[in-house]
Amino acid sequence: MNPIPANRQQELVARLLAACGGSYSPESRRKYFISGPQWAAAYEGQALFHAPTREAAGFEEVIRKYAEIGIPYWATHDTDVIPTASLGKEEQWAICERIAKALADNGLKCSMVTTESFHHAVFAASPAAESPEIRDYAAWRLKNTVKIGHELGAQFAVYWPGSLGYQVQGAIDETQTLRWYADGLNAACEMDIEVAKHRGRPTLKHCLEAKPFEPQAEILLPTSDAMLAFIHSGLLKHPEMVGLNPEYLHELMWGGAPRAALARALLAGKLWHFDINDGYRLKHDVDIAIGLVNPLDWLNVLVLLRSHGYNGPFNLDYKPPRTTSKWGVFTVSFPTAVDRFITLWEMAGDLISDPVIGEAVEALKAGGGAADALDVDAVVAANRELLTLHELIAHRIFQVLIGQHRGRTYAL
Ligand code: GCO
Ligand code: MN
Ligand code: MN
């Protein structure tokens, strides 16, 4: 093939994307509680070892593009949209007005706000550092984000305490740091109660997001399970206002099974918000878009969520790869991520109503019918053939994943 000149490349990508088929209309996409973060679309490809590869995008552009794609909700960190120096000042409210206008003009809603408590130099020793003025500043930032959330009509506030930990051992007292961290959350919840009352709105759902490593070397709340224990530790004044925002990849990163982590959060009644993406076990936070690495596991995750009535947001917290252009971010990356989510969601519905799986599951629950549960040999014998159904179910799920249940065949 001859080289493709730069001015013909978008045309080529667009033609091949159309050739892929299988995309949903913006109207169909809007039926799902999918949110697009400001930071995901605005990500320029930079990292410790990586220079940016594309230009930044402001919130007006991101909101407009999300609307065109059919992403109905938008989420942001405070400093994604408000310069640190303007936080809490008049300029903050002027920016909020512009955001509210951009959302209204494009028919989007703000679902979630989150405080950046890891990037700025002030958070070098975490938002729960020893120095009281750092903690006062952090608490003020959290309270300020709560106000922004109410101003923009958000329902959720997310907290990712990735800097709550240490690089070198023994320098901090973990119990004290966790108490101080709880103080910050308590301040946010109390401010929320006050503002919500004043505005006649419900309080926000405050959701903790765990990540096992990065940016600190060791993290004090590394998993969703650690956070469940923290919520119920007695340190929070309003544990009923605090739940979880698990991120798919973050549970995978420590070697956990995301579906099992989500199940534990569901049982605790704390699965309120969900960051959807993909990646690899025991690697760093690559934040790849949903379904590109583990489609089979994702399908099973969505079966769990569909069958347990999860109705919170699916937040597209991934980083379009550095190889994707800014044009590609909005033309390929976001639309295809949304479409893979919807496809997997629909397939999860197929699995839930699949007659083969349905009968197999019922048969497993019926058991073999051994008369005496204490006669261990008889119990084993009674269930021997039945338990083969586990593998049969796994095969059926694979068939649904590749469309074989609808007649897709390779060779007969
Ligand atoms: C990550 C984190 C962040 C958080 C965000 C919200 O992948 O590094 O998940 O993207 O979700 O900071 O607080
Ligand atoms: Mn996340
Ligand atoms: Mn992540």
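Reader: How far apart do the C-alpha centres of domain 1 and domain 2 lie?

Author: They lie 39 Å apart. Keep in mind that this is a predicted model. Domain 1 covers 24–353, and domain 2 covers 355–406.

Reader: How many residues of domain 1 are in contact with domain 2?

Author: Nine residues of domain 1 are in contact with seven residues of domain 2.

Reader: And how do I read the area of an interface?

Author: The size of an interface is often given as the accessible area lost when the parts come together. Here, about 700 Å² is buried between domain 1 and domain 2. Carbon and sulfur atoms give 73% of that area.

Reader: Now the sheet. In what order do the eight strands stand?

Author: First the general idea. Strands of a sheet pair through backbone hydrogen bonds, either parallel or antiparallel. In this model the order is E8-E6-E4-E3-E2-E1-E10-E9. The sheet is open, and the pairing is parallel.

Reader: Which strands stand at the edges?

Author: E8 and E9. Each has a single partner strand, so one side of each is left without a neighbour in the sheet.

Reader: How many bridges join E6 to E8?

Author: Three, and the two strands run parallel. His 206 stands opposite Val 242 in E8. His 206, in E6, is also the bridge partner of Ala 157. Strand E4 (residues 156–159) is joined to strand E6 (residues 205–208) by four bridges.

Reader: What joins E2 to E3?

Author: Five bridges, between residues 73–77 of E2 and residues 109–114 of E3. Tyr 73 stands opposite Lys 109 there.

Reader: Next, the metal. Which residues coordinate the manganese ion (ligand 3)?

Author: Glu 247, His 250, Asp 285 and Asp 287, at 2.0 to 2.4 Å. Asp 285 is listed with two OD contacts, and His 250 uses NE2. Along the chain, the donors follow the spacing E-x2-H-x34-D-x1-D.

Reader: Why is the arrangement around the manganese ion (ligand 3) irregular?

Author: Start from the ideal. Angles at a metal are ideally 109.5 degrees for four tetrahedral donors, and 90 or 180 degrees for six octahedral ones. Here the six donor atoms subtend angles of 54 to 159 degrees, which makes the arrangement irregular.

Reader: Which residue coordinates both manganese ions, ligand 3 and ligand 2?

Author: Glu 247 does, and the two ions are 4.6 Å apart. Glu 247 is in the loop between strand E8 (242–244) and helix H10 (248–253). Asp 287 is in the loop between strand E9 (274–275) and helix H12 (295–307). The two residues are 40 residues apart, so the pair links distant parts of the chain.

Reader: Are Glu 247 and Asp 287 buried or exposed?

Author: Both are buried.

Technical notes: Residues numbered from 1 in each chain as written. Chains lettered and ligands numbered in written order. Predicted model: local features only at pLDDT ≥ 70, side-chain atom pairs only at ≥ 80, totals over all residues. Heavy atoms only, no water. Donors = N, O, S within 2.8 Å, 3.2 Å for Na, K, Ca; no water. Tetrahedral: all angles 85-135°; square planar, octahedral: opposite > 155°, others 65-115°. Buried < 20%, exposed > 50% of the residue type's maximum accessible area, 1.4 Å probe, protein only. Pairing = 2+ DSSP bridges. Domains from an automatic or database assignment. Contact = heavy atoms within 4.5 Å. Buried area = accessible area lost by both parts, 1.4 Å probe.
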